[in-house]
Amino acid sequence: MHCPILLADMNSFFASVHQALDPALQGRPVIVAGDPAKRHGIVLAASYEAKACGIQTGITVGEARNLCREGVFIKPRYNHYVNFSTRIVRIMHDFTPLVEPFSIDEAFMDVSGCGHLFGTSSAIARKLKGRIKEDVGVLCSVGVGPNKLLAKMAASMQKPDGLTVLDLTGVRDKIWPLPVRELFGVGRRLEKRLRDLNIHTIGELAGYPLPVLQKKFGLMGHVLHLSANGIDYSPVDPHSLEKVKSIGRQVTLSRDYRGYHEIEEVILELCDIVCRRVRLGGYVGRTVNLSLKDTEFLWISRALTVAHLTANAADVHRAAVELLHRHWPDWKPVRMVGVSLAGLVKNIAEQLDLFGEVERARRLNAACDRLRDRFGEKSIFRAISLAPGGVLRERDGRVETATEYLNKLR
């Protein structure tokens, strides 16, 4: 096979999942969007019927309603999306063990050793599309190429329900005339820097002097040159998800928070969730990242490396609070808060301290984890979640205030 790499890209995945779960939504403009009451009311996904009305990802719910009066608005249900994604990956494994999930709605396949079993790459792509449509109920576009780069670009050329083969001989005619922004790996900022060099198309990038690109962009300049010429040496890695780089969580606040006290409460809640996930994966980390967004949607992200590897919320919280005080004025309102722990490695050894504080924290975390494993994530939580700044005690998809919770206890 000269084109052994496939990329399966689910079409309008979130919206398609809801249409598959509810046949009454078939053929209707389905719009998956956040909750305006919680101030994250933007469109996350839209069916092709909704896209025909001008709906685009990222616009507000209000804009979407004006564009598509008959639209069916649905809140996201991530457990459904993960379930469907898992089912799709299982189908892909029926063809080859070399499957690399790229995102929740995309995955690569290497079928170089499957020709005698299932036929050519194109034949496998057609069988895969049929299985996904019949067994899962969603449509996908499949790109076929000699490497991951061209398979990825081929998958975007025909949507929905497309199948495109793109080999190296087609790079000049099909890829070079495209705007440079459409080259995989080129974002908005990189596009601007390339335009400063008078590079507007992928073909212009492919023919640009390599020494100049390397001087301007370093190693990335070499990668850009190879990509523009359709060259990619990265293998399909079925173990890619095992190499976790960071684990994080962010929340959009229901109101603007001002002053360090309430923001620190939210940070502690997020640290608890993040460290719980880190421990579930058997990891520890040492680089704490704090992200903050203000009311004008301007945001900062700052990192701090702690002295020792940890999966303890108190350690992460101390570092995040230090970043907060160092980089964010207390008078400035906050709309969104995010915390992550990076530099993750498997927790195969632990450094103890002289007075046993690390061991006490480990035993406390282990006890809380056992309770959550048995009775659910909300079976035990910090008292800070009942404070006015607490935001993560949710019931029925909404935030439950401390007053409501205490009234229930009475």
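Contact here means heavy atoms within 4.5 Å, and buried means under 20% relative accessible area, with exposed over 50% and partly exposed in between (1.4 Å probe, protein chains only). Helices (H or I, at least four residues) and strands (E, at least two) are DSSP runs, numbered from the N terminus. The model is predicted: local features need pLDDT of at least 70, side-chain atom pairs count only at pLDDT 80 or more, and totals for chains, interfaces and linings use all residues. Residues are numbered from 1 along each chain as its sequence is written, and side-chain values use heavy atoms, leaving out hydrogens and water.

With that in hand, here is a short tour.

**Nonpolar cores**
- A nonpolar core is a set of buried Ala, Val, Leu, Ile, Met, Phe, Trp, Tyr and Cys residues joined through side-chain atoms within 4.5 Å.
- The largest one has 35 residues, and Leu128 and Ile132 have the most contacts inside it.
- Elements giving two or more residues to this core include strand E1 (5–10), helix H1 (13–21), helix H4 (78–93), helix H6 (121–135) and strand E7 (140–145).
- Helix H4 gives the most to this core, with six residues.
- Leucine 128 touches Ala8, Ile91, Met92, Phe95, Met109 and Val142, leaving aside residues up to four places away in sequence.
- Apart from this core lies another, of 34 residues, with Leu253, Ile263, Val284 and Leu341 among them.

**Helix H9 and its cover**
- Helix H9 (residues 188–196) has Leu190, Glu191 and Leu194 buried.
- Down the axis of H9, these buried residues fall within an arc of 105° (taken from the directions from the helix axis to the C-beta atoms), so they line one face of the helix.
- Turned away from that buried side are the exposed residues Arg188, Arg189, Lys192 and Asp196.
- Helix H10 (202–206), helix H11 (210–217) and helix H12 (219–228) are included in what covers the buried residues of H9.

**Helix H12**
- Gly221, Leu224, His225, Ser227 and Ala228 are the buried residues of H12.
- They cover an arc of only 165° around the axis, which puts them on the same side of H12.
- Helix H7 (148–155), helix H8 (171–175), H9, H10 and H11 are what the buried residues of H12 pack against.

**Single residues worth a look**
- Lysine 129 sits in helix H6 and is buried, at a relative accessible area of 14%.
- Its contacts, not counting residues up to four places away in sequence, are Cys140, Val142, Asp161, Gly162 and Leu163.
- Cysteine 271, in helix H13 (residues 260–280), counts as buried at 0% relative accessibility.
- Cysteine 271 touches Ala313, Val316, His317 and Val339, again not counting residues up to four places away in sequence.
- From cysteine 271 to aspartate 315 there are 44 residues in sequence and 9.0 Å in space, C-alpha to C-alpha.
- Serine 103 lies in strand E5 (residues 99–103) and is partly exposed, with a relative accessible area of 29%.
- Serine 103 and asparagine 198 are 95 residues apart in sequence and 33 Å apart in space, C-alpha to C-alpha.
- Tyrosine 78 belongs to helix H4 and counts as partly exposed at 46% relative accessibility.
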